[in-house]
Amino acid sequence: MDFTAFIEPTRFELSIRMFSMDKEANEVFCEADDETVFAGSIEVFPEIEYYQLKDSQLDFFFSIFTNRTKI
């Protein structure tokens, strides 16, 4: 298995795709239509929005985040 993150910086989106790999690090594909066998790739986390924070905003962010997790 191999995972690759794809970043779309203009829309602040991130997606993670999983690939099936062999021992030589080549992607493995399956010619049969067997849904029980994973081969090829699949999107694990599609289009996750992310935000950039300035260093001056980190204390404020973590104070909100910490209080939110206590609820």
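The chain averages a pLDDT of 79, and 83% of the residues score at least 70, where pLDDT is the predictor's confidence in each residue, from 0 to 100. This is a predicted model, in which local features need pLDDT of at least 70 and side-chain atom pairs count only at pLDDT 80 or more, while totals for chains, interfaces and linings use all residues. Residues are numbered from 1 along each chain as its sequence is written, and side-chain values use heavy atoms, with hydrogens and water left out.

**Confidence and fold**

- The chain holds 1 helix and 3 strands, these being DSSP runs numbered from the N terminus (helices are H or I, at least four residues; strands are E, at least two).
- Along the sequence, these elements follow the pattern β-β-β-α.
- Confidence is highest in strand β2 (residues 13-19), at a mean of 86, and lowest in strand β3 (residues 41-49), at 81.
- Where pLDDT is low, the predicted coordinates should not be read in detail.

**Burial, contacts and surface**

- Of the 71 residues in the chain, 8% are buried; buried means under 20% relative accessible area, exposed means over 50%, and partly exposed lies in between (1.4 Å probe, protein chains only).
- Among contacts between residues at least 6 apart in sequence, 39% join residues at least 24 apart, a contact meaning heavy atoms within 4.5 Å.
- The chain exposes about 6,400 Å², of which carbon and sulfur atoms supply 56%; such areas come from the Shrake-Rupley method with a 1.4 Å probe, and for residues only the protein chains shown count as cover.

**The nonpolar patch**

- M1, F3, I42, V44, F45 and I48 make a nonpolar surface patch of about 570 Å²; patches are made of residues with over 30% relative accessible area and no salt bridge, with like charges joined within 9 Å and nonpolar side chains (Val, Leu, Ile, Met, Phe, Trp, Tyr) within 5 Å.
- Strand β3 gives the largest share of this nonpolar patch, with 4 residues.
- M1 lies in the segment before β1 (2-8), and M1 counts as exposed because its relative accessibility is 61%.

- E13 is found in strand β2 and counts as buried because its relative accessible area is 15%.
- E13 forms a salt bridge with R11, the closest N and O atoms being 3.1 Å apart; a salt bridge is a side-chain nitrogen of Lys or Arg within 4 Å of a carboxyl oxygen of Asp or Glu, and by this rule the count comes to 1 salt bridge.
- Leaving aside neighbours within four places in sequence, E13 is in contact with F6, I7, E8, E47, I48 and Y50.
- F12 is found in the loop between β1 and β2 and is partly exposed, at 34% relative accessibility; its phi is near 55°, a positive value in a residue other than glycine.

**I16**

- I16 is also found in strand β2, where I16 is partly exposed, with a relative accessible area of 22%.
- Leaving aside neighbours within four places in sequence, I16 is in contact with F3, T4, A5, I42, E43, V44 and F45.
- I16 and I48 are 32 residues apart in sequence and 8.8 Å apart in space, C-alpha to C-alpha.
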